[in-house]
Amino acid sequence: MMNQLRILILSFLLLLSPLLCTQLSAAEKLSPLAIYARCYSQITNQRIELSSPLTLQVVTGSVSPIQACLQVFNKALFLNNESTIANTADAESISVVRTLHNLHSSWFTAKDFTDIDAGAPFWTDGSRDLWDTSTPALYLTKALFEPTPNFSSILSGQKILIPVRTMMNPVSGAQTNLAISSYLIKSATAQPLQFAPRGVLVGVTQTSPAMVNYPAVSYKFMVGGLVKHNQAGSVALYGSMGGGLLGNYTYSLLNINQNNEFIANGGLVMPRKWGRSVYRDLFCRELPVVRIADAVPFVAPASDVAFRTSTGCVQCHASMDRISSVVRSARFASIGSDSKVSSSRGATFINFPNPTLPAEQVWPVTADPDYAKRPPSGTLYFRNYQGELIDANVSGVSELATKILDQDDLYICVAKRYYEYFTGVSIFNGDITDPRNPKPDAAAMTHRNYVIQLGKTLRQHNNLRLLITDILNSGQYQKSDGSF
Amino acid sequence: MTTPVVSRFIIKLFITFFWLLYASSCLELKNNYSSVELNSLGPTLDRINEISNGNTATGTVAVDVKINLGNAHYMTSTMKSIFLNPASTSVQSNTIKDRIAKRISNQILFLGGSCNRYEGNCRNENHAEAPFKAITNPVRKGYIVRACEEVTSQDEAVTTALGKAGLSVIATADMTSVKTIYNLFYPGRTVSNEAVNNLINLHQAAIGLKQTPTDAWRFVLYTLCASPMMEML
């Protein structure tokens, strides 16, 4: 009998499916309750409570669905002088911060420290204990929730941001659950070494540059060029080169992904993953970001650097290698035993020694063993969304960040991401004047132009909350399929 | 003559296959980006060769729109909010919680919704690597359908869901009651009279087959639970 009923259900489902499918496919103007349910779920990752007073106000029409949603959002705004939400026990506010911070984290290429020394997870685990892997996203989260909106702060200043979680000084690391006593690295100040905060995210605050000391030990001690074997020394726990998230040492640790032997030489050995990530993270662009003709001037047929002899290769390297040269001095140090011996644990640290040699004149066509010792100049090299070639020389990370802030593409990228998250519509924000790229049709172009305008408006008001409000109030958001 | 076990398996297989087809046809409204466009998003070997050869793309690309779906956290919240009575400590209530946890909350790799090691909410180390947004894949639908089947098989889930809609198991399935229960599952969404009538017919057919009122509503709730609309944001 049960199976007969299942067959009965199935037959009805088959009958129902075309009806439901039609409803899904048609451009349905959503009801106020449906809009509120959508918005609430997107900012909290939770379902609405049908019986909550705010839901009932939406149903009766006394509050618009977007106003109601923004009321929930605004509860999560950080206090003026605390850098945290007003009520750190309010589950709804915590959900809002958690959801949007996780969204921001998903936009970054590098989401975790990776095993830069093959088969050596002990240092990676230590890095996870010390630094929050979502550190770059904290800059966006702070810009979204801070009382005074200032989007451009994500790429300016030397602020080193850390999360405010319910346990700011945990007794054990989030990854290993080991105590501080398991670590041989010690704080260089009177304060004990601290792990990355643990618990729910309730705010974002800043910390100061800090060093940690490590002792000389007799067992195998994996340190590279930065420090000498078996000698005590110190490395940076927190540091910044300016330029907001780009200059935060944790961003480089997450993105460069090299080991203790790494010394950039301007040829094959470069921190180029960092540059690839910058184009992805801040412009929403994949390499190549220039045209073939833009690569031709850098092709060197006689070069002993293999990729310099091919236009197809140089088309990517001309952008990513030259932007990455602002972090050319990066050196790594994996401190600690190469085993899980208690009291000998460590992590992989990064440092950026000051230049000691004069600058090069051009992008070298052969490997330069002194490249890492030269000033950290670099070049932002890409075709923007309109097809204009941006070819800007910069003298370091901070100036690079300033140049990026000067581009509409940064703001369009952020608008594109929020627009896709809320409406489901993904636009092509690349160079549509490049003949390699197929042209968006009329509808796709309408969405693209809308997002470009959102981006340009963001650049003017510098306020992520206004950007999101504009998207939520758009006609597209309030239709089932995101259409105009 | 098939055995009941085989018959049950075939029916389950058929249902799953059906929902997979359903999901794939309904949830991606348009995905007309050409392969050239997709390749342009990443420097694949083919793409590099194409660039080296100086090829150019032709044609146009349509709007890339995908309906936003709930990830594992959202789906957990939804299932609990419909089927779970927070005040209950019964065995059935624990079974409902267990089924939701096993089929939905723990399936982050298939439903999306990364965890955070610093919050201590990772049931599995690799869950921290999962995407934040919902994932669309055949396994996802399989887990959700299975969860719906297992949860609605508990009488308490049926009575709880009906109770949240202001109904009881002895309520008649009519235009008003079905629309009310529809609104519980998909708040504020419009439903055609034809779809409502089909759900009414489903309920009445079960009664006609001498099933209990609880079973009759169970089939309606299962149908609504397994619909892709349940997953939509």
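A residue is buried if 20 or more other C-beta atoms, placed from the backbone, lie within 10 Å of its own, exposed if 12 or fewer do, and partly exposed in between. By this criterion, 51% of the 484 residues of chain A are buried. The model is predicted, and local features need pLDDT of at least 70, side-chain atom pairs count only at pLDDT 80 or more, and totals for chains, interfaces and linings use all residues. Residues are numbered from 1 along each chain as its sequence is written, while chains are lettered from A and ligands numbered from 1 in the order in which they are written.

Chain A comprises 15 helices and 11 strands (DSSP runs numbered from the N terminus, with H or I over at least four residues for helices and E over at least two for strands).

For the complex, the predictor gives an ipTM of 0.91 and a pTM of 0.90. The average pLDDT (the predictor's confidence in each residue, from 0 to 100) is 81 in chain B, where 75% of the residues score at least 70. Below 50 lies the pLDDT of residues 1-15 of chain B.

In chain B, helix 7 (residues 138-152) packs with helix 11 (residues 213-226) at an angle of about 155°, the axes being 9 Å apart. Axes are lines fitted to C-alpha atoms, for helices over the stretch in contact, and angles run from 0 to 180 degrees between N-to-C directions. Helix 7 of chain B and helix 11 of chain B are therefore roughly antiparallel (angles over 145 degrees; under 35 is roughly parallel, 65 to 115 roughly perpendicular and the rest oblique).

Key:
Two residues are in contact if their C-beta atoms, placed from the backbone, lie within 7 Å.
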